Every structure is written in structure tokens, then in C-alpha cells.
Amino acid sequence: QVRVVEEAPNISAAKLLPDGTWVRLPDARVAGMGVGSECFIADVDGGAGIKVSGEWTSFPYMLSGTRAAVAGVLSTVNGSRAVSQADVMPWSVDAPSSAVGMSNRSVGGVDYAYNPGPPVSGQMGGVSGYGPNNVGKQVTVWGRVTSSSRGVFTIDDGTLPGGLTVSCRVQAARPGVGTFVRVTGIATPHGVDVYANGDIQRIGE
């Protein structure tokens, strides 16, 4: 089968392409691993981020900071753009990636050339639609826990009415209501997704 693959210079350029497009990113940095055979990558300059998923046989575990080329088909998962059916070709390891600290209000940001389609192109923004689009990037947020249920809790730093939703994608010890926490995870249009128990840290304990 002959497949046409678009070469994208960076993740922002890739997100402009519609779902169903096969794309290759020649140089990206792994921000962290997801669940099973998935990870999150960022531009080397930190400009944008995106989820990548593929078959485990061709998708090794990679340390944060791993430089890799990625090829796969663009898709949208729960509002976040992704590269699916991916081949990942790691070739070196840099220093671990650093999350970007931001207010609850800033998570997600404004729409980025978003067209709901079908097919989807661009990237939907966050709940508040404030600031640059950062869906897919690794971020750190802070706040007081205002509600907590199985797999999900809400934090409030005073900048986002109703607070920010944090979803635990792995088994994690949820903080109690009233606790102040620092959370590192992946920005989505709906809040922040957490993939490691250690990425939820209680402040002041």
C-alpha cells in the first residue's frame, strides 16, 4: 500500500492538518509516558505538545527528554489532537522535559485554528479560552481541592470559576477536600490529565 505522509516541521504545524492525515515529525522530545503504549511529546523548543499512541511492539518505554522522530495518523481523542498508529524512532536522550507552570484559568488556552469538521483540524481550546493554546503540553498547576470523587478531583486557585478538573488516568491517591496540591500533567480542553501518582503533591505536609 502506498501512503502519502506529510512532513511537519513542528507539532503546531501538524495540528493544522485534518484528522486522517499521515504525518511525520522529524524531531520531538518526549515529555512523559501515558497509559500502555502511549506517550506525550513536545517540540524541542517547547512550543507545543501532542499525545502519541502505537503498538507496544514498536513503541518502547522512553525516558523524559528522549529525542525521537514520530510518524502516524492524526486523530482527535476527547477533544485533544493525537498521533495514532504511530512509529516512534528514538535516537538520543536530553535532559528531562520541564512542565510549564500556569494558573488554572490558563489551562487549555484559546482555540488554535480550530475547525470541528469533520474532519477535525486545529486544536480546541480550554474551558476559559484564555491565553495561548497549550492542549497536549505538560503543565503544572496549583490549588485547593474543592471536590473529590473516584478518579477525578477539582482544584481552585481563584482564577477559574468552578475550579479546574484533574483526571487521574492511573491509580492514584486522591487528595482530600481542603488540601492544597501541586499537580503536573497534560493539559486537555477539559482540565489536566495525570499519569503518575507522584505528579500529585500535597503542599504544606
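These questions and answers go through a predicted model.

Reader: Which aromatic pair turns up in a search of the whole structure?
Author: The search finds 1 aromatic pair. The ring centres are 5.0 Å apart. The pair is Phe40 and Tyr195.

Reader: Is that pair stacked, edge-to-face or tilted?
Author: A pair of aromatic rings is described by the distance of the centres and the angle of the planes. Stacked needs planes under 30 degrees apart, and edge-to-face needs over 60. The planes of Phe40 and Tyr195 stand at 50°, so the pair is tilted.

Reader: Are Phe40 and Tyr195 buried or exposed?
Author: Buried means under 20% relative accessible area. Both Phe40 and Tyr195 are buried.

Reader: Which rings have an arginine over them?
Author: Arg3 lies over the face of Trp22, at 3.7 Å from the ring centre. The charged end of Arg105 sits 3.6 Å from the centre of another ring. The rings are those of Trp22 and Tyr130.

Reader: Which element gives the most residues to the largest nonpolar core?
Author: The largest nonpolar core has 20 residues. Ile41, Ile50, Val52, Val70 and Val83 have the most contacts inside this core. Two or more residues come from each of helix H1 (11-15), strand E2 (22-33), E3, strand E4 (49-53), E5 and strand E6 (80-93). The most, 5 residues, come from E2.

Reader: What is the bridge partner of Val52 in E6?
Author: E4 and E6 run parallel and are joined by 2 bridges. Val52 is also among the residues with the most contacts inside the largest core. Its partner in E6 is Val83.

Reader: How many bridges pair E5 with E6, and in which sense?
Author: E5 and E6 form a hairpin with 2 residues between them. Asn78 in the turn has a positive phi of about 50°. Ala68 stands opposite Pro90 in E6. The pairing is antiparallel, over 11 bridges.

Reader: Is Thr66 buried or exposed?
Author: Thr66 is found in strand E5 (residues 66-77). The relative accessibility of Thr66 is 5%. The limit for buried is under 20%, so Thr66 counts as buried.

Reader: Which backbone oxygen does the side chain of Thr66 reach?
Author: Leaving out residues up to four places away in sequence, Thr66 touches Ala28, Arg29, Val30, Pro90, Ser92 and Val93. The side chain also reaches a backbone oxygen at 2.7 Å. That oxygen belongs to Leu63.

Reader: What is the phi of Ala113?
Author: Ala113 has its place in strand E8. This residue is not a glycine, yet its phi is positive. The value is about 45°.

Reader: Is Gln85 buried or exposed?
Author: Gln85 is found in strand E6. Its phi is positive, near 50°. Exposed means over 50% relative accessible area. Gln85 has 56%, so this residue is exposed.

Reader: What distance separates the C-alpha atoms of Gln85 and Glu55?
Author: Gln85 touches residues including Trp22, Ser53 and Gly54, with those up to four places away in sequence not counted. Glu55 is 30 residues from Gln85 along the chain. Their C-alpha atoms are separated by 6.9 Å.

Definitions and conventions. Residues are numbered from 1 along each chain as its sequence is written. This is a predicted model: local features need pLDDT of at least 70, side-chain atom pairs count only at pLDDT 80 or more; totals for chains, interfaces and linings use all residues. Side-chain values use heavy atoms; hydrogens and water are left out. Helices (H or I, at least four residues) and strands (E, at least two) are DSSP runs, numbered from the N terminus. Buried means under 20% relative accessible area, exposed over 50%, partly exposed in between (1.4 Å probe, protein chains only). A polar contact is a pair of N or O atoms within 3.5 Å; within protein, one must be able to donate a hydrogen and the other to accept it, and residues adjacent in sequence count only if both atoms are side-chain atoms. Contact means heavy atoms within 4.5 Å. Rings of Phe, Tyr and Trp (its six-membered ring) pair if their centres lie within 6.5 Å; planes under 30 degrees apart count as stacked, over 60 as edge-to-face and the rest as tilted. A charge sits over a ring if NZ of Lys or CZ of Arg is within 6 Å of the ring centre and within 35 degrees of the ring normal. A nonpolar core is a set of buried Ala, Val, Leu, Ile, Met, Phe, Trp, Tyr and Cys residues joined through side-chain atoms within 4.5 Å. Two strands pair if DSSP finds at least two bridges between them.
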